[in-house]
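Here's a quick briefing for anyone meeting this structure for the first time. Have a look at it, then read on.

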Amino acid sequence: MRALHIGIINVKRMLRERSNIFFVFIFPLAIVLLVGIQFGGSFAPVIGISVGGEGELTSAIVGALEEDDSIELRRFESSDEVVTAVERGGVQAGVLLPADMDTTVASGNSVEIGYVSRPDGAGAQLQSLVASAIAEVMRPVGAAQFAVVETGEDFDETLQVAEGIAEGTEPIVVEVSAVGEALFPATLGRFDLGASSQLVLFVFLTALAGSSALILTRQLGISQRMLSTPTSMRAIIVGESLGRFGTALVQGVYIMVLTLIMFQVNWGDPVGATLILVALSAVGAGAGMLMGSVFSNDQQAAGIGVMLALGLAALGGAMFPAELFSPTMQRVAHVTPHAWALDGFAELVRRDGNTLDILPELGVLAVYAIGLLGLASWRLRVAITRP
Amino acid sequence: MGAAFRIAAKDLKLRVRDRSAFILGILAPLVLAFIFDAIFGSAATGTGLGLDYGLVDDDQSQVSAAFASVLEGAESEDILTVEVYDERAAADSAIGDDDIDAYFFIPSGLEQAVFANRSSTIEIVGDIDSPTSTQIAASFAEQFSSGVASAQLAVATTAGVTGSPVTPDFVDSLSQDPAIAGRSFDLTDRSAETKQLDASTYFAAGMAAFFLFFTVQFGVNGLLEEERDGTLARLMAAPIPRISLVAGKAILSFVLGLVSMTVLVVATSLLMDASWGAPLGVALLVVAGVLAAVGIMGLVAAITKTPEGAGNLGSIIAVILGMLGGTFFPIGATGGVLSALTYITPHAWFLRGLADLSSDAPWTAALPAAGAIMMFAVVTGLLAWLLLRRRLTR
């Protein structure tokens, strides 16, 4: 009972701290939104284009890119302006069309189209998108050039033949499916991927930030004074753990409920998702408790906390999908509780898993939680009773 | 002024012994830059992404061999690995064993369908837990399909012009390889010629700028700590001009920021091959950046009452400016309002200045960005100075 009160007081302290309104409630929401915008679907990436001069091919390529709904095309006056826009981040990639494309291809040469992109992830993806759109337009041209060499006929006439045939061709269709299933499940919602990653990141961040409250409690001698009342050491330790746990849980429930309501994020089986959140909060509570008992300087703890929370999240695949890690990095990722929690959420959403399916992930998280809480309880006992 | 330096020196000693400034100013940004570079760096280059694919070729034709050689080409460039399986069952179980992320299945009759201009299919079967790798596999196949379509059209056009039917014999009679028909254009990636930071430098610079705003807080917030602890009243009773007290804390902030930035620039250059650019230009940006951080955090200290309040508001502002300034991920690329908002932060100008210095630009390339950062420093610094002076002399 006393332990529960200590826990509740701790959660209240967290909620009353005004800066936490920002860090716990506003900031995670902003990040989910921002990541959704960055990597999501419906906010189309902007591609800049400059043309060296007017011509049939030029307008065909511009038209093809304009028709593509997955990108937004913006025209610039010169190639320098496109390059500057890419450098400054106004557009994500740029296409630089040369002058006299029509005469170049008519004389049998290939045209050199420039491409510039930002060094972040989307560059390669956009390049293949642009390349396939241009390839579509240039296909009859290439065919005509080929036929001209073979037959020696006039380029313009051959091009007309090629364009006539091109309309009736059947390309190879690429079909994607998952093992044992007819179709690959539709891509996750725009916010789905971001939401579980952000949940894992912020639950841990908030739990580690909670360590400074514990340090303050110790610094001010509150724990020692509690010992002089009929409160057992056990109650203090359990209570402080409950406080950290409650803080992490509040953060997690907030993100889960909010993303569910605002963005209709699919969290899968509710029981399973809740269990993962509870287990993850317990791991976070253990880590926060451990830091709170080992450090005696809350500024040091805050610095280490931010570093650990962001570093582990990155390593655990909460910032970049772990499936793209190298095998070594994937093993490293699974040293973090983050990776296990994310695996659990993925199992629930992608495979429509239930609680039974995520037992391994829950088990690993439970081991982490028990280990960290046990270690932390021991250190806290030492820290409080040390003269 | 002597008093100001003595106060700064005393506080510096305290901060060095306390180690918090070391953790926030050097350790945290360095460790995080390392981790981010290790994880995101491979995404930027497109190699070492751990893409493991399988190939089941039931067609055993020239077309399917061409596809296999496309994959092998990508394998030799370290983009992916490809394992050939005799039958689908083996590939299916390889996915089950997590040996591969996805496999390509080329059904028999693909080549015939291509020659006869009938519809045909390449199947991608992916691991449900590797949706991104599977998507990448699909885009490989689509690129190939686009190439085949070009070759197909080239053959058909030639046949159309000469009036002969498309048969294997006709294809053999051609003097060129139809695959070249897709090469009527080259999409050349010229991103290397643009002035942008490479991944390592970006993460190093982003983290350094982000944590700089926390590091300088140790200095300016000291004034509020002295106020809380009652030592400020005693200092004010001493024969020291009151303004020296503010100057002392500002100097400490500046020194802490400068030392942390210098260590980070040197350490990331040596340890993770970050290329910051012309030293003089970098120095200008760093000095301007540290001054801006001191100004902004000084202003925060001036408008808050307690060191805790200043710490909290300071962290909020540092996090907002850092995010908006694109220190974690480039914000400008999202387009719209955000790409304009990013330039209300000194962080964005700092990163832009470094980008301007890239590809061996002279140090003067950093001048516009350094000037913009100095604007932040002067405006916020002056405001902070006026507010703090009023607070001390009242």
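How many Å separate the centres of domain 1 of chain A and domain 2 of chain A, taken over C-alpha atoms? The answer is 49 Å. This is a predicted model, where local features need pLDDT of at least 70 and side-chain atom pairs count only at pLDDT 80 or more, while totals for chains, interfaces and linings use all residues. Residues are numbered from 1 along each chain as its sequence is written, with chains lettered from A and ligands numbered from 1 in the order in which they are written.

**Domains**
- Chain A splits into domain 1 (2-38 + 190-385) and domain 2 (44-162), with bounds from an automatic or database domain assignment.
- Chain B has domain 1 (2-43 + 197-393) and domain 2 (51-189), and their centres, over C-alpha atoms, sit 53 Å apart.

**A sheet across both chains**
- Five strands form an open sheet with mixed pairing, in the order β2(A)-β1(A)-β3(A)-β4(A)-β5(B); strands are DSSP runs (E, at least two residues) and helices are too (H or I, at least four), numbered from the N terminus.
- Pairing takes at least two DSSP bridges between two strands.
- At the edges are β2 (72-76) of chain A and β5 (185-189) of chain B, each pairing on one side only.
- β4 (residues 111-117) of chain A runs parallel to β5(B), joined by five bridges, and V111(A) stands opposite F185(B).

**Where the chains meet**
- 92 residues of chain B are in contact with 89 of chain A (C-beta atoms, placed from the backbone, within 7 Å).
- On chain B's side, α6(B) gives the most, with 23 residues.

Terms used
Contact = placed C-beta atoms within 7 Å.
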